[in-house]
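Good morning, and thank you for making time on the agenda. Please turn to the sequence and the structure on the screen.

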Amino acid sequence: MNYLDITTPISDQMVHWPDNAPVHLRLTRSFAYGDPANVSEISMSVHTATHVDAPRHFIQDGPDVTTLDLNTLLGPCRVVRIHDPRLITLAEVEPLDPQPGQRILFRTRNSDADWTHQPFNPDFVKLDFPAAKFLQQRGVVCVGVDYISVGGSDTHHALLDHRITVIEALALGHVEPGDYELICLPLRIVGADGAPCRALLRPL
């Protein structure tokens, strides 16, 4: 069965966190300029488009992205539809009965529109702290969301302090709730607090 690509494409001037570096793509060599090849340059925050957070993102001198346990990003996962228009709350997460070692991706109203080139939306649906703490207590190893942040600093700490891998800015608009195999591989950037990644799902 074919894999579903749930990676948000990286494109010039796409939405980014307001105080982060924007995305710039440009040709530094081009056939049009008489060069023997096309060569592109990219500059961006590592927390733009589909990316994985490392503990260092919110922990001073914490482990960088090269230390992530890739087992948390490979294997069975569950895609869950969230109905609350504001938050991923404990009221919707608790009935899921998450199990130790589980990977959960949350599809919210964020996925109902293409936000990649829209202005940053501070009212995106995010994971609230009680739900994040519950997921941590239940032993979940990976949490994925469909906007460029999982939530506030308390939510990040509830996950990253316990080495729960966080995937942000997933493209889930074409994905139905259910069970899948996840493949998500972040770039191996030494010292980085996060990294762009390619993420795929295969229905189980």
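This is a predicted model: local features need pLDDT of at least 70, side-chain atom pairs count only at pLDDT 80 or more; totals for chains, interfaces and linings use all residues.

The secondary structure of the protein chain consists of 3 helices and 12 strands. Along the principal axes, the C-alpha atoms occupy a box of roughly 60 × 40 × 35 Å. A compact globule of 204 residues would have a radius of gyration near 17 Å, and the protein chain, at 17 Å, agrees with that. Of the 204 residues, 45% are buried. As for contacts between residues at least 6 apart in sequence, 70% of them join residues at least 24 apart.

The largest pocket has a volume of about 150 Å³. It is lined by 13 residues, and those closest to its centre are Trp17, His57, Phe58, Ser149 and His156.

Finally, I would draw your attention to Gln102. This residue lies in the loop between helix H1 (90-93) and strand E7 (103-107). Is Gln102 buried or exposed? Its relative accessible area is 19%, and since buried means under 20%, Gln102 counts as buried. The side chain of Gln102 reaches the backbone nitrogen of Gln99 at 2.9 Å. Leaving aside neighbours within four places in sequence, Gln102 is in contact with Arg78, Asp97, Gly139, Val140, Val141 and Cys142.

Thank you for your attention.

Notes:
Residues are numbered from 1 along each chain as its sequence is written. Side-chain values use heavy atoms; hydrogens and water are left out. On a 1 Å grid over the protein atoms alone, a cavity is a set of points where a 1.4 Å probe fits but cannot get out, and a pocket is an open set with protein on both sides within 12 Å along at least five of seven lines; lining residues have an atom within 4 Å of a point. Grid points are joined across faces, edges and corners, and a volume is the space filled by probe spheres set on the points. Helices (H or I, at least four residues) and strands (E, at least two) are DSSP runs, numbered from the N terminus. Buried means under 20% relative accessible area, exposed over 50%, partly exposed in between (1.4 Å probe, protein chains only). A polar contact is a pair of N or O atoms within 3.5 Å; within protein, one must be able to donate a hydrogen and the other to accept it, and residues adjacent in sequence count only if both atoms are side-chain atoms. Contact means heavy atoms within 4.5 Å. The radius of gyration is taken over C-alpha atoms; the globule rule is 2.2 Å times the number of residues to the power 0.38.
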